[in-house]
Amino acid sequence: MSKPLSNIVVLTGSGVSAESGVATFRDKDGIWAKYDYRDVATPEGFAADPVLVHSFYNDRRRNLPAVEPNAAHLALAELEAGLTARGGRLTLVTQNVDDLHERAGSKNTLHMHGELKKSTCMHCGDVCDCVSDLSIADTCSVCKREGGMRPYVVWFGEMPRFMDEAMDAILAADLFVSIGTSGAVYPAAGFAGEARNAGVPAMELNLEPSENAWIFENSRYGPATQVVPQWAAEILSQSLSQ
Ligand code: APR
């Protein structure tokens, strides 16, 4: 009888939040079909037109209260709680800047691309909660300087957060699972290969095969609200019965 899985790393992308009403990026009607990422998601874009960039993220932050965690977010939180109760662990590494994993109850979550509900000061580096609109007129509550507040979001050309923690968790895991991401953006897209190189099995749950689908030993395709709860229930029943 095989040993039940007890240490799982899950990587999520925008596909996990799609059925909650949060737009993905590269799908036909995704965010990058409406905006050029260079204008709204690079330091150069912010320097050129901070008003546009603030407006882009303000709109997305304002949308958060209108959306709810879906069955996939809830299943991942339940899986984390179930594994933890059995002495195991689930590390959730997300590329998403929404707060739906937290609102579903996930605890051990690494936001590698930052969080919409935080802002940071480019002058002093302070990071603080942010629930309302940001503007170029905002003053940092710590250093009191004006014009340096920006969304706490990792832009193209910037270093994602928690890379060491994510890699350590992947290398120690029994299973790496990628959910709702196209595999188009590195370093997240490289996690599955890193896992496989370290002998950690890698699995993909996505609406359709991602750009790096060939790396995964196992895959299940369908809407996240269907495939994620089904997979999570299988893992929990395996842990219970063995
Ligand atoms: N269920 C599961 N998967 C879905 C669903 C769904 N209901 N809807 C869409 N998907 C899948 C798509 O098939 C696609 O593979 O989610 C993936 C979304 O891919 P992208 O739009 O590229 O989003 P993501 O992978 O999160 O992008 C990574 O790119 O620009 C950046 O910083 C941004 O964090 C983001 C990063």
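A residue counts as buried under 20% relative accessible area, as exposed over 50%, and as partly exposed in between, with a 1.4 Å probe and protein chains only. The structure is a predicted model, in which local features need pLDDT of at least 70 and side-chain atom pairs count only at pLDDT 80 or more, while totals for chains, interfaces and linings use all residues. Residues are numbered from 1 along each chain as its sequence is written, and side-chain values use heavy atoms, with hydrogens and water left out.

**Stop 1: Thr109**

Select Thr109, which lies in strand β3; helices (H or I, at least four residues) and strands (E, at least two) are DSSP runs numbered from the N terminus. Is Thr109 buried or exposed? Thr109 counts as buried because its relative accessibility is 16%. Its contacts (heavy atoms within 4.5 Å) are with Leu92, Thr94 and Glu102, not counting residues up to four places away in sequence.

**Stop 2: the sheet of 6 strands**

Next, display the open sheet with the order β3-β2-β1-β7-β8-β9 and parallel pairing; two strands pair if DSSP finds at least two bridges between them. Strands β3 (109-111) and β9 (218-221) are at the edges, each pairing on one side only. From one strand to the next, the twist averages 15 degrees. Strands β1 and β7 run parallel and are joined by 5 bridges. Select Val10 here: its bridge partner in β7 is Val177.

**Stop 3: helix α6**

Helix α6 packs on this sheet, touching β1, β2 and β7, and its direction makes about 150 degrees with that of β2. Such angles run from 0 to 180 degrees between N-to-C directions, with axes as lines fitted to C-alpha atoms, for helices over the stretch in contact. Select residues 71-85: these 15 residues reach 21 Å from the first C-alpha to the last, close to the 21 Å expected at 1.5 Å a residue, where the expected span is 1.5 Å times one less than the number of residues. Among the buried residues of α6 are Ala72, His73, Leu76, Leu79, Glu80 and Leu83. At the start of α6, a side-chain oxygen of Asn70 comes to within 2.7 Å of the backbone nitrogen of Ala72. The helix is followed by Gly87, whose phi is positive, near 85 degrees.

**Stop 4: the nonpolar cores**

A nonpolar core is a set of buried Ala, Val, Leu, Ile, Met, Phe, Trp, Tyr and Cys residues joined through side-chain atoms within 4.5 Å. Which members of the largest core touch the most other members? Of its 23 residues, they are Ile8, Val10, Val177, Val228 and Trp231. At least two residues each come from β1 (7-12), α6, β2 (89-94), β7 (175-179), β8 (202-206) and α10 (224-241). The most come from α10, with 7 residues. Select Ile8 and its surroundings: leaving out residues up to four places away in sequence, Ile8 touches residues including Leu83, Leu90, Val177, Trp231 and Ile235. A second, separate core has 20 residues, among them Val93, Met112, Met167 and Ala192.

**Stop 5: the sheet of 3 strands**

Finally, turn to the open sheet ordered β5-β4-β6, with antiparallel pairing. Strands β5 (127-129) and β6 (149-153) stand at the edges with a single partner strand each, so one side of each has no neighbour in the sheet. Neighbouring strands here are turned by 45 degrees against each other on average, direction ignored. Strand β4 (residues 114-121) is joined to β6 by 4 bridges, and the bridge partner of Ser119 in β6 is Pro151. Helix α5 (residues 50-63) lies across β4 and β6, at about 55 degrees to β6.

Conventions
A polar contact is a pair of N or O atoms within 3.5 Å; within protein, one must be able to donate a hydrogen and the other to accept it, and residues adjacent in sequence count only if both atoms are side-chain atoms.
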